[in-house]
Amino acid sequence: MADLIPKERYISREFLDLEMERLWPRVWQVACREEEIPTAGDYVEYVIGDQSILVVRRADGGIGAYYNACLHRGTQLAAGAGSFADGRIKCSYHGWCYDLSGCVTSVPDREEFPGLPADMRLGPQRVDTWGGFVFVNMDPDCEPLLEFLDPIPKLLSDYRLDEMRLRAYQTLVLPANWKAALDAFNEGYHVQGAHPQILPWTDDVSIAYEQYDRHARYGRLENARRQLRPSPRLDLDEFDEGEILAGLVAGLGGAFLKDEKAAVEELRAAGLPPGTMLGAYQERRMKLLTDRGFDTSGFTPERMTSAEDVYWFPNMVGPIYPGSALLFRMRPNGLDPDSCLKDVWVLEWRPPGDERPMPERRFYEDWRAKTWDPVSTQDYENLVKVQIGMHSRGFEGLRLNQRQESNIAHMHRVLDRYLA
Ligand code: FES
Ligand SMILES: [Fe+2]
């Protein structure tokens with residue numbers, strides 16, 4: 001029998017403490033999107049466990065990131081997101097001021113601090129960007145970002161994530177370990193158990209899994225042609241391709257969903273010969289994007305309906321399509337191993353000239369405060385039960401399916417490299 005993944009990794013405070021000491025301070029992690037801080041003085045607070053980092057658009061247009069703690073007596077300098085409109089970060093307690101590069105610029109009654117160094121600055125973080133994401137790393141000696149991300153930038157280059165913009169931004173608290181929440185989106189094995197209603201239009205069996213040095217992905221990889229067919233588990237001889245296509249398209253999401261749904265209806269009404277509907281739709285979708293002014297030259301029509309489901313170690317996962325992406329970021333919620341924050345980011349290419357403002361960031365302190373779509377609800381209801389069940393004296397550890405849950409096993413192996 002395969003080795004058990006010890007349950008303590010998901011439920012013990014000691015393990016979370018170890019992650020806080022050895023994992024999070026040493027990895028590149030997504031702090032925010034670049035479009036969240038377009039103008040000098042704009043900031044976003046990035047919270048990971050009990051650590052808070054301020055990401056700031058500097059006066060020179062670059063991005064700075066600093067520990068969010070005043071050098072005087074530690075007061076948190078800012079929370080959430082906003083703007084240091086006058087170009088200085090002022091502590092609300094005794095009024096010490098910092099410029100947007102984190103340097104101390106004024107200390108009231110400075111002469112009464114005889115030993116104060118002249119060049120004090122907020123603890124800097126390494127910062128870099130890729131794909132429109134702002135990454136931070138607390139380790140001054142870390143490897144370059146692109147090295148850390150390899151091969152994700154290569155895999156995703158056609159999707160031009162840097163040209164995407166946030167369409168929706170939601171954060172919810174789930175009563176589960178951050179890794180348990182991640183696992184739920186890093187395998188297709190649970191589809192037949194948790195989401196049986198989508199099997200008539202989801203072939204869950206032909207999903208392939210692929211692991212890299214740190215990261216992983218799954219989906220219909222290169223040569224696996226997507227077909228409109230129900231899950232082979234159902235053993236259905238008769239099925240309606242149009243219905244399967246409608247289900248597939250509903251899952252694509254993004255800005256053009258209305259047009260895409262209309263295209264599906266048109267194709268369904270057209271009475272196409274069997275086996276040709278998917279190809280016809282792929283051509284339609286490509287034309288739809290091209291007509292809107294988007295460059296689709298990196299894609300074949302076939303890739304119009306295939307997501308890249310990527311997992312970027314340690315905590316980003318989600319499907320990416322030509323034109324839109326759904327990304328989830330999981331983080332420990334403070335120092336509670338039984339709670340996590342899940343950010344849900346919907347990204348999309350914008351037609352040229354369409355500069356909409358940032359969407360409102362919505363926060364759900366209790367995931368039950370909102371009615372989610374049926375599939376997400378099934379996932380969240382399971383996560384509640386997973387975390388409770390893992391505490392049972394009768395449960396020792398996770399028994400992973402060696403193919404369909406291989407991304408999860410890989411995540412634990414990579415995690416061990418940091419914790420060792
Ligand atoms: S704690 Fe910030 S000025 Fe005193
Ligand atoms: Fe799910």
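The model is predicted, and the volumes and linings given here were computed from its atoms. Rolling a probe the size of a water molecule over the atoms shows where empty space is left.

**The largest pocket**

- The largest pocket has a volume of about 1500 Å³, and 48 residues make up its lining.
- Lying nearest the centre of this pocket are Gly251, Pro319, Tyr321, Leu326 and Val375.
- Several elements each supply at least two residues of the lining, among them strand 12 (164-174), strand 14 (216-219) and helix 7 (241-250), and the list also includes strand 16 (316-321), strand 17 (324-333), strand 18 (336-349) and helix 10 (374-390).
- Helix 10 gives the most to this lining, with five residues.
- By residue type, the lining divides into 24 nonpolar, 15 polar and nine charged residues.

**The second largest pocket**

- The second largest pocket has a volume of about 470 Å³, and 20 residues line it, with Asp183, Glu187, His190, Val386 and Glu405 lying nearest its centre.
- The elements that give two or more residues to the lining of this second pocket are helix 5 (178-183), helix 6 (191-194) and helix 10.
- The lining of the second largest pocket divides into twelve nonpolar, three polar and five charged residues.

**An element that lines both**

- Helix 10 gives the most to the lining of the largest pocket, and helix 10 also gives the most to the lining of the second largest pocket, with five residues.

Definitions and conventions: Residues numbered from 1 in each chain as written. Chains lettered and ligands numbered in written order. Predicted model: local features only at pLDDT ≥ 70, side-chain atom pairs only at ≥ 80, totals over all residues. Heavy atoms only, no water. 1 Å grid on protein atoms, 1.4 Å probe; cavity = no way out; pocket = protein on both sides within 12 Å on 5 of 7 lines; lining within 4 Å. Points joined across faces, edges and corners; volume = space filled by probe spheres on them. Helix = DSSP H or I, 4+ residues; strand = E, 2+ residues; numbered from the N terminus. Nonpolar A, V, L, I, M, F, W, Y, C, P; charged D, E, K, R; others polar.
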